[in-house]
Amino acid sequence: MTGLNTILIVVGLFLLGGVISFSKQKMPKGVVVLLGLASVMCLTAGVLRIQGLWE
């Protein structure tokens, strides 16, 4: 596992925490959706890099 994989997963989890926090604070749906998409993209990229499917 390289440093980039770790960074992608950590950033994805951080953004996921932001989604949960923003949705509890009744923030605009656009912000929550944007953070959710960014979180999913970071987590997916990190996992795919760990599996060796994306270089």
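Visitor: What does the accessible surface of the protein chain come to, and what share of it belongs to carbon and sulfur atoms?
Guide: Accessible areas here come from the Shrake-Rupley method with a 1.4 Å probe, and for residues only the protein chains shown count as cover. The protein chain's surface comes to about 4000 Å², and the carbon and sulfur share is 75%.

Visitor: What should I know before looking around?
Guide: This is a predicted model, where local features need pLDDT of at least 70, side-chain atom pairs count only at pLDDT 80 or more, and totals for chains, interfaces and linings use all residues. Residues are numbered from 1 along each chain as its sequence is written, and side-chain values use heavy atoms, leaving out hydrogens and water.

Visitor: How many helices and strands does the protein chain have?
Guide: Both kinds are DSSP runs numbered from the N terminus: helices are H or I with at least four residues, strands are E with at least two. The C-alpha atoms fill a box of roughly 40 × 15 × 10 Å along the principal axes. The count is 2 helices and 0 strands.

Visitor: Is Asn 5 buried or exposed?
Guide: Asn 5 lies in helix α1. Buried means under 20% relative accessible area, exposed over 50%, and partly exposed in between, with a 1.4 Å probe and protein chains only. Because its relative accessibility is 3%, Asn 5 counts as buried.

Visitor: And which residues does Asn 5 touch, not counting those up to four places away in sequence?
Guide: Contact means heavy atoms within 4.5 Å. With that rule, Asn 5 touches Gly 46, Arg 49 and Ile 50.

Visitor: What about Met 27: how far apart in space are Met 27 and Leu 48?
Guide: Met 27 is found in the loop between α1 and α2, and at 34% relative accessibility it counts as partly exposed. In sequence, Met 27 and Leu 48 are 21 residues apart. In space, C-alpha to C-alpha, they are apart by 31 Å.
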